[in-house]
Amino acid sequence: MAFPHPDLAAFALAGLTEPLERVKAAERLASKQPGHPESQFLLAQENLGAGLIGAARSHAEAARRAGLTQRRLWLLLADIEAQEHGETEEGRLAQRDALRQAATADADPTWRCQTCGSVYANWQPACPACHTAVHIGWGGPTRLVLPGAG
């Protein structure tokens, strides 16, 4: 795979419980492709989990600038606003703005059969729905074109 996949990051960080230890491990993973939006998103998540709000915001914004425009990014930004500003008026407005963006954002990537469009939580060697082998791919939803549609 040409990018740092979220499933591999979850596997690599699974045994780590200390937040700062997870940040350091995420930094090592992200160092392989530091400018990739998935690397920046991972760093934003782990920094937020460690209470490093400024670093979390910086990495989330870097992920956005690098092209990540999915719901999960806007929900993460809403969480960052909540931790940084709490229940202040400024915090509520910033959270609301991020949640509005999430409502219209691109769908999050999933494991999806490239033949029939079925969605799965994990990769499968063959699609259980249409039985096509090796067509489960990671990405956003595909647009189905109906016959006769212009």
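Q: In this predicted model, what is the handedness of the crossing in which H3 passes H4?
A: In the predicted model, helix H3 covers residues 37-49 and helix H4 covers residues 53-65, and their axes come within 8 Å and cross at roughly 160 degrees. Angles over 145 degrees count as roughly antiparallel, which makes H3 roughly antiparallel to H4. The way in which H3 passes H4 is left-handed.

Q: How many of the residues in the contact of H3 with H4 are nonpolar?
A: On the side of H3, the residues that meet H4 are Pro37, Gln40, Phe41, Leu43, Ala44, Asn47 and Leu48. On the side of H4, their partners are Ile53, Ala55, Ala56, His59, Ala60, Ala62 and Ala63. When these residues are divided by kind, no charged residue is found, 3 are polar, and the number of nonpolar ones is 11.

Q: Are H4 and H5 roughly parallel or roughly antiparallel to each other?
A: The axes of H4 and helix H5, which spans residues 71-85, come within 10 Å and cross at roughly 155 degrees, and the crossing is left-handed. An angle over 145 degrees is counted as roughly antiparallel. The relation of H4 and H5 is therefore roughly antiparallel.

Q: How many charged residues belong to the contact of H4 with H5?
A: From H4 the contact takes in Ile53, Ala56, Arg57, Ala60, Glu61, Ala63 and Arg64, while H5 brings Leu73, Trp74, Leu76, Leu77, Ile80, Glu81, Gln83, Glu84 and His85. Once these residues are sorted, 9 of them are nonpolar and 2 are polar, and the number that are charged is 5.

Q: Is H3 roughly parallel or roughly antiparallel to H5?
A: H3 and H5 pack with their axes 11 Å apart and at an angle of about 30 degrees. Angles under 35 degrees count as roughly parallel, so the direction of H3 relative to H5 is roughly parallel.

Q: How many nonpolar residues are there in the contact of H3 with H5?
A: H3 passes H5 in a left-handed crossing, and the contact is made by Glu38, Phe41, Ala44, Gln45 and Leu48 of H3 together with Arg72, Leu73, Leu76, Asp79, Ile80 and Gln83 of H5. Among the residues of this contact, 3 are charged and 2 are polar, and the number of nonpolar ones is 6.

Q: Which residue in S2 does Arg112 stand opposite?
A: Strand S1, made of residues 110-113, is joined to S2 by 2 bridges, and the strands of this pair run antiparallel. Across this pairing, the residue in S2 that stands opposite Arg112 is Val119.

Q: In which element of the protein is confidence lowest?
A: The protein has 6 helices and 3 strands, and from the N terminus on these elements run α-α-α-α-α-α-β-β-β. The average pLDDT of the protein is 89, and 91% of the residues score at least 70. Confidence is highest in H4, at 97, whereas the element in which confidence is lowest, at a mean of 85, is S3.

Key:
Residues are numbered from 1 along each chain as its sequence is written. This is a predicted model: local features need pLDDT of at least 70, side-chain atom pairs count only at pLDDT 80 or more; totals for chains, interfaces and linings use all residues. Side-chain values use heavy atoms; hydrogens and water are left out. Axes are lines fitted to C-alpha atoms, for helices over the stretch in contact, and angles run from 0 to 180 degrees between N-to-C directions. Helices (H or I, at least four residues) and strands (E, at least two) are DSSP runs, numbered from the N terminus. Angles under 35 degrees count as roughly parallel, over 145 as roughly antiparallel, 65 to 115 as roughly perpendicular and the rest as oblique. A crossing is left-handed if the near helix is turned anticlockwise from the far one by less than a right angle, and right-handed if clockwise. Contact means heavy atoms within 4.5 Å. Ala, Val, Leu, Ile, Met, Phe, Trp, Tyr, Cys and Pro count as nonpolar, Asp, Glu, Lys and Arg as charged, and the others, Gly among them, as polar. Two strands pair if DSSP finds at least two bridges between them. pLDDT is the predictor's confidence in each residue, from 0 to 100.
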